[in-house]
Amino acid sequence: MLDRKSLVNDIKSFKEVIQRRNFAFDDNYLLELENERKKHQIKTQELQKLRNTYTKSIAKAKSNNENPKPLLDKVADLGAMLDKEKSLLKIVQDKINSFLMNIPNILHESVPLGKSEDENIEVSSWGKPKEFDFMVKDHVDLGKKYGLDFTTATKISGARFVVMTNQIALLHRALAQFMLDYHTKNDYQEAYVPYLVNTDSATNTGQLPKFEEDLFKTSLNNNKDKDKVFYLIPTAEIPLINMFSDTIIKEQDLPIKFVAHTPSFRSEAGSYGRDTRGLIRQHQFDKVELIQVTKPENSYQALEDITCDAENILKDLELPYRKMLLCSGDVGFSSAKTYDLEVWLPGQKKYREISSCSNCEDFQARRLKLRFKDKDDNTILLHTLNGSGVAVGRALVAVLENYQQADGSIKIPTVLQKYMNFKKEIK
RNA sequence: GGAGGGAUGGCAGAGCGGUUGAAUGCACCGGUCUUGAAAACCGGCAAGAGGUUAUUCUCUUCCAGGGUUCAAAUCCCUGUCCCUCCGCCA
């Protein structure tokens with residue numbers, strides 16, 4: 001969420017800035033609401049002040065053994081007036097709030113203008129797509145005989161789920177293990193977190209209210225608790241970042257860096273027919289997620305760092321990738337600037353997203369009430385960042401396809417061998 | 001599932017209708033003392049919001065939401081979470 005006050009104070013330049021998002025911003029509507037708000041808020045506070053004054057006089061009169069009746073008469077209809085004013089104020093405030101909740105974050109000035117992912121900019125690339133002297137297969141064909149099983153998953157759950165057994169299951173686990181080990185050696189604290197979160201948490205990080213249809217929603221199936229709602233996490237960013245909601249962090253404890261390996265659940269509503277084959281787009285997939293909480297002046301360096309941390313995973317796995325700077329049309333709602341890492345997939349002859357690293361600046365911190373005290377004792381909102389380091393399912397796809405051999409066997413990347421009983425290949 | 005107890009500032013913990021945004025202790029920050037440090041002593045120390053900005057003035061907040069009252073941390077109701085005991089359970 002953006003800051004109402006600074007937004008209203010400089011509404012003209014904000015309107016310009018937010019246009020880069022192609023966001024239709026109704027400045028008149030907001031200013032109108034603001035006038036209403038101001039009117040009712042001032043009135044409410046005046047009435048409260050009046051009531052407080054009378055209340056104190058009544059207390060004084062009583063302790064002096066004077067008759068409080070005249071004072072009580074004066075205050076008789078104050079309560080009703082106050083209630084009315086309060087409810088008017090609340091209506092306006094709710095309107096303003098939901099208006100602000102639906103405005104995306106302001107983009108960083110370095111974000112290029114563009115309509116869709118086609119206009120993202122390649123910042124750098126690493127490794128070269130390997131030339132194969134045989135017909136390459138994709139991960140679905142490659143994985144089949146080693147335990148990648150979509151048919152069984154369909155029976156159990158439906159489309160967009162997978163069962164992994166035996167060597168594929170081991171490779172999948174090895175990848176996650178390797179990533180966790182790498183990041184924890186690199187100053188990230190490991191966390192195990194809930195996979196079901198409440199409405200507040202999902203709101204704090206920006207998934208709600210706007211993107212509810214992307215989430216799986218659960219509720220208890222009895223009358224007593226039917227209002228108790230949980231959302232399955234679409235990313236570990238939600239529980240990780242919410243660990244710090246409503247806190248004032250000590251300056252010396254910054255930056256905060258955490259890593260977690262969790263499943264992620266996405267409804268993939270609106271992507272019917274896209275990437276229906278294989279592991280690329282699943283309702284449930286594992287991801288190793290990195291988050292950082294930093295001081296404002298350090299967050300853009302932290303974005304470079306967190307991206308680099310994700311890149312190092314791909315480098316160690318010796319997977320060719322490119323680093324993309326997302327254009328204005330493709331940056332997510334809460335983010336001010338995002339890099340995607342795209343890994344080369346020989347089976348598709350394409351680079352595909354395997355990591356996304358974002359700086360949300362104070363957009364999440366404002367809803368979270370996540371702050372620190374600076375040297376002058378001012379309370380300042382912190383900046384939050386998140387990055388996948390990296391998506392485990394897609395990493396599995398990349399390893400299978402990039403490490404395939406003519407006979408359909410799979411070489412094991414050197415860094416993974418110790419997690420796989422020192423096997424050098426799957427065959 | 002049953003029975004009971006609780007939730008107060010960064011932490012511990014008092015207050016249980018009236019000037020209490022809240023005693024006290026610890027922590028933290030500044031100062032005195034000291035060669036320096038510690039100790040001691042003195043002072044400071046919640047967050048959010050609104051108006052006005054020279055300055056400040058005001059409002060809200062003692063788990064959350066309702067209610068009673070001129071007045072609620074304090075009384076009543078509902079919810080959430082925590083603790084203890086019994087039962088069940090991976």
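## Two crossing helices

Let's start with a pair of helices in this predicted model: the axes of helix α8 (residues 166-184) and helix α11 (residues 299-316) come within 11 Å and cross at roughly 130°. Axes here are lines fitted to C-alpha atoms, for helices over the stretch in contact, with angles running from 0 to 180 degrees between N-to-C directions. α8 and α11 are therefore oblique to each other (under 35 degrees is roughly parallel, over 145 roughly antiparallel, 65 to 115 roughly perpendicular, and the rest oblique).

On the α8 side, the contact (heavy atoms within 4.5 Å) is made by Phe178, Met179, Tyr182 and His183, and on the α11 side by Asp309, Asn312, Ile313 and Asp316. These residues divide into four nonpolar, two polar and two charged. In that grouping, Ala, Val, Leu, Ile, Met, Phe, Trp, Tyr, Cys and Pro count as nonpolar, Asp, Glu, Lys and Arg as charged, and the others, Gly among them, as polar.

## How the model is read

Residues are numbered from 1 along each chain as its sequence is written, and chains are lettered from A and ligands numbered from 1 in the order in which they are written. Local features need pLDDT of at least 70 and side-chain atom pairs count only at pLDDT 80 or more, while totals for chains, interfaces and linings use all residues; side-chain values use heavy atoms, with hydrogens and water left out.

## The chain as a whole

Chain A has 14 helices and 18 strands, which are DSSP runs numbered from the N terminus (helices: H or I, at least four residues; strands: E, at least two). Its C-alpha atoms fill a box of roughly 100 × 50 × 45 Å along the principal axes.

Of the 427 residues in chain A, 48% are buried (under 20% relative accessible area; exposed is over 50% and partly exposed in between, with a 1.4 Å probe and protein chains only). Among contacts in chain A with a separation of 6 or more, 73% come from residues 24 or more positions apart. Helix α13 (residues 392-402) is mostly covered, with eleven of its eleven residues buried; among them are Arg394 and Glu401.

## Aromatic pairs

The whole structure holds eleven aromatic pairs. Rings of Phe, Tyr and Trp (its six-membered ring) pair if their centres lie within 6.5 Å; planes under 30 degrees apart are stacked, over 60 edge-to-face, and the rest tilted. Tryptophan 126 and tyrosine 321 are stacked, at 5.9 Å centre to centre and 20° between the planes. This pair links distant parts of the chain, 195 residues apart: tryptophan 126 is in strand β1 (residues 121-126) and tyrosine 321 in strand β11 (residues 321-325). Tryptophan 126 is partly exposed, at 32% relative accessibility, whereas tyrosine 321 is buried, at 1%.

Tryptophan 344 and tyrosine 351 form an edge-to-face pair, with 5.1 Å between centres and 65° between the planes. Tryptophan 344 is buried, with a relative accessible area of 15%. Elsewhere, ring pairs link Phe14, Phe25, Tyr29 and Phe99 into a cluster.

## Backbone details to look at

Two cis peptide bonds deserve a look. One runs from leucine 254 to proline 255, with omega near -5°, and proline 255 sits in the loop between β8 (247-249) and β9 (256-265). Another runs from glycine 389 to valine 390, with omega near 0°; valine 390 lies in strand β16 (residues 383-391).

Aspartate 187 is not a glycine, yet has a positive phi of about 80°. Aspartate 187 lies in the loop between α8 and β4 (189-190) and is exposed, with a relative accessible area of 60%. Lysine 349 also has a positive phi, of about 50°. Lysine 349 is in the loop between β12 (337-345) and β13 (350-359) and is exposed, at 59%.
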